[in-house]
Amino acid sequence: MGTDRVKKVCIVGASGKLGQYMVRHALDRGYEVVGVCRERSVPKLAAFEGRITVVPGPTNDPEVIRRAVAGCDGVLTVLVPWGVQQYASGTAQAVLDHAPPGARLVFSCGWHITRDGKDRYSWWFTTGVRIAALLGKLVRAVEIDDQVEACRRIFASDTRWTVVRGSSLEEGESQGLPVWSRHVGDPVLASNLTRRVDFALFMVAALTDDTLVREAPAIVGRRTPSALAHSGGGPRNHA
Ligand SMILES: NC(=O)c1ccc[n+]([C@@H]2O[C@H](COP(=O)([O-])OP(=O)(O)OC[C@H]3O[C@@H](n4cnc5c(N)ncnc54)[C@H](OP(=O)(O)O)[C@@H]3O)[C@@H](O)[C@H]2O)c1
């Protein structure tokens, strides 16, 4: 486990909630940080002024990403389904195309993304995702299909990727590194809740965890009832 060669990381989508937590974790580890966010969101990163480099611009702009990821050992990307302009797949493609060869690429998404079709979802979960996708499309605000397409491209790539699939999220103090499993439906994940700060912790920790290369871990908070019942605080991989 682990590579100690990560020194400089790019965080794509740094201004969002998950992004800002990742900036903090990366700085705590002593990494040099480059953050990418939309021009209008740069003020959201004011707390980090002087400690990170900000590259403003749309995250699906290949030229913006090419500049931002230059010289980075790792790239942490927040994949969001917002808008109707293939924002998620454009962002993923730009990172896949321009990250330095051999860099660790870690992407975020939700449990609704499946890598091998072996995830087992509840009726409520599937219906919720379908309704969100339909309503999002109707009001032209959300493109869940495009986040699926983004992940399809990542899964097909021969880069050193990890796709971290987040459960439902909540705010609150860290509970430590989430536990993970390869398939939604596995008992350890049943609580379906993770602190956002710990989702970010898992993303940053994945940079130096080679066991996660080409994995799509589904995560859950390590102090949730299902994690406590099925991991006993033991190994965090329940794949
Ligand atoms: N929310 C949940 O319950 C949940 C559950 C499971 C997994 N996830 C995953 O967790 C990750 C972060 O999700 P989050 O909900 O916590 O969001 P978040 O961290 O607040 O991030 C939202 C991101 O979306 C960008 N954004 C917002 N509106 C946009 C638009 N119209 N066009 C382009 N970009 C836009 C934001 O950029 P600006 O700062 O520029 O606005 C920001 O980078 C995602 O990968 C998501 O799939 C979320």
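Mentor: Let us begin with Ala 99. Not counting residues up to four places away in sequence, Ala 99 touches Val 69, Cys 72, Val 75, Leu 105 and Thr 159. Please keep in mind that this is a predicted model.

Trainee: Where is Ala 99 found?
Mentor: Ala 99 sits in the loop between helix 3 and strand 5.

Trainee: Is Ala 99 buried or exposed?
Mentor: Ala 99 is buried, because 26 other C-beta atoms lie within 10 Å, and the cut-off for a buried residue is 20 or more.

Trainee: How far apart are Ala 99 and Val 12 in space?
Mentor: From C-alpha to C-alpha they are 12 Å apart, while 87 residues separate Ala 99 and Val 12 in sequence.

Trainee: Which unit do strand 4, helix 3 and strand 5 make?
Mentor: Together, strand 4, helix 3 (residues 87–98) and strand 5 make a right-handed β-α-β unit. Strand 4 and strand 5 run parallel and are joined by five bridges. Within that pairing, Leu 76 stands opposite Val 106 in strand 5.

Trainee: What about strand 1 and strand 4, in which sense do they pair?
Mentor: Strand 1 (residues 8–12) pairs with strand 4 in the parallel sense, over four bridges. Val 9 is the residue that stands opposite Gly 74 in strand 4.

Trainee: Why is strand 4 described as largely enclosed?
Mentor: Five of the five residues of strand 4 (residues 74–78) are buried, so strand 4 is largely enclosed by the rest of the structure.

Trainee: Which way do the residues of strand 4 point?
Mentor: Gly 74, Leu 76 and Val 78 point one way from strand 4, Val 75 and Thr 77 point the other way, and all are buried. In a regular strand, side chains alternate between the two faces of the sheet.

Trainee: Changing topic, how many residues of helix 6 are buried?
Mentor: Nine of the 11 residues of helix 6 (residues 196–206) are buried, and the helix is mostly covered. Among them are Val 197, Phe 199, Leu 201, Phe 202 and Val 204.

Trainee: What does Val 204 touch?
Mentor: Val 204 touches Met 22, His 25, Ala 26, Arg 29 and Leu 76, not counting residues up to four places away in sequence. Val 204 has 25 other C-beta atoms within 10 Å. The C-alpha atoms of Val 204 and Val 9 are separated by 9.5 Å, although these two residues are 195 residues apart along the chain.

Trainee: On to the ligand. Which residues come nearest?
Mentor: Of the 23 residues around the ligand, Ser 15, Gly 16, Leu 18, Ser 41 and Gly 166 come nearest. Helix 1 (17–28) and strand 5 (104–110) are the elements that give two or more residues to the shell.

Trainee: How many residues of each class does that shell have?
Mentor: The shell around the ligand has nine nonpolar, 10 polar and four charged residues.

Trainee: Finally, how many helices and strands does the protein chain have?
Mentor: The protein chain has seven helices and 10 strands. Its radius of gyration is 17 Å, close to the 18 Å that the globule rule gives for 239 residues, so the chain is as compact as a globular protein of that length. Of the 239 residues, 46% count as buried.

Technical notes:
Residues numbered from 1 in each chain as written. Predicted model: local features only at pLDDT ≥ 70, side-chain atom pairs only at ≥ 80, totals over all residues. Buried ≥ 20, exposed ≤ 12 C-beta atoms within 10 Å, placed from the backbone. Near = placed C-beta within 6 Å. Nonpolar A, V, L, I, M, F, W, Y, C, P; charged D, E, K, R; others polar. Pairing = 2+ DSSP bridges. Right-handed = clockwise from strand over helix to strand, strands pointing away. Rg over C-alpha atoms; globule rule 2.2 N^0.38 Å. Contact = placed C-beta atoms within 7 Å.
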